[in-house]
Amino acid sequence: MSLSESEKHAVRHYKYCGGDSSPVYAAVLSPWAQFCVDTFVPLSMAPNTITLTGLVMSLLATTLTLIYNPTLAPGGPRWLHVVTGVSVFAYQTLDNMDGKQARRTGSSSALGMFFDHACDSINAGVTIIAMGSVLGTGWTPLLFITYLASFIPFYLQTWEEYYSRTMILPPFNGPSEGLLMSMGLCFASALYGSELFHEAVMDAPAVLIQADDSFLCSIGFPCESIPTIRPITVVIMTLILLLIYTSTTLVSSTMMIVSRDPPAGTVEPNDHSVVAALLNLLPFLVHFPCVYIYSFRCELGFQSHPILLVSRSRLLTLS
């Protein structure tokens, strides 16, 4: 497939427009990344090398997880959770560093942006497996919920960027606060064991005890745990609420953009409509039911081919 002259011109003159409006990023994460770049990174190092190093750290944690706790069951080695926490921290730092190195060396490009986006996509997928061990989810629908919480915001954020031509992360977002929360879960498991998330801490409200629990059981909550609240229940419900909030925000903002006349020089008029935008979500909407059926309703899926499944899923965000 060859590019048209207008597409070649767009690639040559591409300039990334984005940012992170998180107060934590502005006050802590960005200054820390800038310090690391100024102190440890030579001018000769390519930004893509920094990006790739971060991805290797995530792949290492996932590989060790599949070796030492392949069932992702509670009770995995505590040192493994430390490795996962360190890898998450390293990836977050290096992911913030690569853009600063690109600006420092004047080497920003469309290729660099695509490479960074691709590594982010792969990382968000494979890290789910390591986090499954941290939380002791096993290969159950609970893991699928964490998969959704990572995949859906990533896809929708990219979808919104296509129409807005900017990627401004909200004040609370996954790359900043989300990864910090993940690190906290990692080190909690390292200190107390992943069994911590499955110990009953209090009785559930009477309305939940009396309610029909078939739905909760069907998505992976142990039926005998319904009358009590466990930390894993709080984590999963928090992920679901954040997922609903993030998805609603991104979809509504994108609909506002496409309902207006397209700015000059951006997307083609035929693409700039509510119907076209919603049709761009069709592969996304078809994908998840297929993943669920393949992963948890047959003998293959996550348990037999986890890397293949996650890799194919993350490639969808680049299409």
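The legends below describe close-up views of a predicted model.

Residues are numbered from 1 along each chain as its sequence is written. Because the model is predicted, local features need pLDDT of at least 70 and side-chain atom pairs count only at pLDDT 80 or more, while totals for chains, interfaces and linings use all residues, and side-chain values use heavy atoms, with hydrogens and water left out.

View 1. Helix α6 covers residues 141-164, where helices (H or I, at least four residues) and strands (E, at least two) are DSSP runs numbered from the N terminus. Its 24 residues reach 34 Å from the first C-alpha to the last, close to the 34 Å expected at 1.5 Å a residue, the expected span being 1.5 Å times one less than the number of residues. Of these 24 residues, 20 are buried, so α6 is largely enclosed by the rest of the structure; buried means under 20% relative accessible area, exposed over 50%, and partly exposed in between (1.4 Å probe, protein chains only). Arg165 is partly exposed, with a relative accessible area of 38%.

**View 2. The packing of helices α3 and α5.** Helix α3 (residues 47-68) packs against helix α5 (residues 110-135) at an angle of about 20 degrees, with the axes 9 Å apart; axes are lines fitted to C-alpha atoms, for helices over the stretch in contact, and angles run from 0 to 180 degrees between N-to-C directions. That makes α3 roughly parallel to α5, a term for angles under 35 degrees. Residues that meet (heavy atoms within 4.5 Å) include Leu52, Leu55 and Leu59 in α3, and Phe115, Cys119 and Ile122 in α5. By class, this contact of α3 with α5 has eleven nonpolar, nine polar and one charged residues.

**View 3. Thr53 in helix α3.** Thr53 has its place in α3 and, at 39% relative accessibility, counts as partly exposed. The C-alpha atoms of Thr53 and Cys119 are separated by 10.0 Å, although these residues lie 66 residues apart along the chain.

View 4. Leu72 lies in the loop between α3 and α4 (78-105), and its phi, near 60 degrees, is a positive value in a residue other than glycine. With a relative accessible area of 0%, Leu72 is buried.

Note on methods. Parallel < 35°, antiparallel > 145°, perpendicular 65-115°, else oblique. Nonpolar A, V, L, I, M, F, W, Y, C, P; charged D, E, K, R; others polar.
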